[in-house]
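Hi there,

Here is the structure I promised to pass on to you. Have a look at it first, and then read on for what turned up.

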Amino acid sequence: MTLADVRKNIDRVDKEIKQLFKERMVLADNVAQVKAETEDDIYKPDREETIISNLTGDVDDNIKMEYTALIKRIMEISRKYQYGRTLELRNCLDVEYDVKEPDIDAVAMIKPELYICQGCSRDKVIAVDSYDEVYELIKTGKVDAGMGILEDISYGVSDALHEVLTNNKLYIYRCNIVNENGHNKKVVTFSDHLIVEENHNRLKVMFVCKNKSGSLSSILSMISDYGVNLTEIHSAPNRQEHWNYRFYVELSANLLKKDIQALVFQLMNETEEFTILGSYACDEEQF
Ligand SMILES: O=C(O)C(=O)C[C@]1(C(=O)O)C=C[C@@H](O)C=C1
């Protein structure tokens, strides 16, 4: 048998798989419609386990792992499709956002970082000792926004600022690079409202994975299935719960887009915890 012969057979089998795949997606659509009516969860891990064990029992060991991976993948794709269809049927994502930045009369920041406020006049700035105080000033309406260094190219990310944003529902709406003595720093502006504008090309989120093998990789492959590029990822321990890690991720995405809303909807439903941490525009040349 020649390679050309084998390829002919592969093409034939692929056509059959394509036909069956299309049929399965119609069924996924049917499931989505029923679940939208009954407000049932899309992700059913128990049902997936049953399908996998029913199908893999009689498969030869030399291809069992590969076949299991294929079945899992088919169900991941089925879920992705269902999240998109469900959003279309419901016509909204349960996330509130404003479409315009606030007017800034006053901004708070911590004293050691005062120098980053290059553009603002000093009488607008309130300097405090901690990010918790920055949050208090925002919450009580004494300032419109806070500013801080989220990342320093030489020293890494600021866990403290990530934590304050996550724990207090604060949202980044601007991100600039500030250069100080040759050190590039990512400086963010944040407020207590999520703001999403047409020109935003970054979405920052935090999630906690379910505690089982493969859960991080399935979230990452889910993100890539939406054609979204991951521009930054790091993890940090959750100080409120031991041995529980938060993943902070920056995506090249805009929440006004339907497929990005479907991704967020899927992440909300398939992670242990999920929070949006901001939406902003970044100058691709600078980063
Ligand atoms: O059976 C369901 O409830 C479905 O949604 C279908 C399906 C599948 O594609 O087989 C998809 C998602 C669930 O996690 C389980 C199974």
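How many bridges join strand S5 to strand S6, and do these strands run parallel or antiparallel? Nine bridges join S5 (residues 171-180) to S6 (residues 183-191), and the two strands run antiparallel. Please keep in mind that this is a predicted model.

You can follow the hairpin residue by residue. Glu 180 has His 183 in S6 as its bridge partner. Two residues sit between the strands, and Asn 181 takes a positive phi near 50° in this hairpin.

Next, look at the ligand. The residues around the ligand are Ala 28, Val 31, Ile 42, Tyr 43, Lys 44, Arg 47, Glu 48, Ile 51, Met 75, Ser 78 and Arg 79. Helix H1 (3-38), helix H2 (45-56) and helix H3 (61-90) each give two or more residues to this shell. By type, the shell has six nonpolar residues, one polar and four charged.

UniProt, in an unreviewed entry, places the feature "domain: Chorismate mutase" at residues 1-82. In the model that span is 85% helix and 0% strand, with its end C-alpha atoms 42 Å apart. The unreviewed UniProt entry also has the annotation "domain: ACT", covering residues 204-281. Here the chain is 31% helix and 38% strand, and the end C-alpha atoms are 11 Å apart.

Finally, there is a helix pair to find. Two packed helices are described by the angle between their axes and the distance between the axes. For helix H4 (residues 131-139) and helix H5 (residues 159-168), the angle is about 35° and the axes are 10 Å apart. Their crossing is right-handed. On the H4 side, the contact is made by Tyr 131, Asp 132 and Tyr 135; H5 brings Ala 160, Leu 161, Val 164 and Asn 168. Five residues of this contact are nonpolar, one is polar and one is charged.

Enjoy exploring, and write back with any questions!

Conventions: Residues numbered from 1 in each chain as written. Predicted model: local features only at pLDDT ≥ 70, side-chain atom pairs only at ≥ 80, totals over all residues. Near = placed C-beta within 6 Å. Helix = DSSP H or I, 4+ residues; strand = E, 2+ residues; numbered from the N terminus. Nonpolar A, V, L, I, M, F, W, Y, C, P; charged D, E, K, R; others polar. UniProt positions renumbered as here; feature names shortened; annotations may be inferred. Pairing = 2+ DSSP bridges. Axes fitted to C-alpha atoms, helices over the stretch in contact; angles between N-to-C directions. Left-handed = near helix turned anticlockwise from the far one by under 90°. Contact = placed C-beta atoms within 7 Å.
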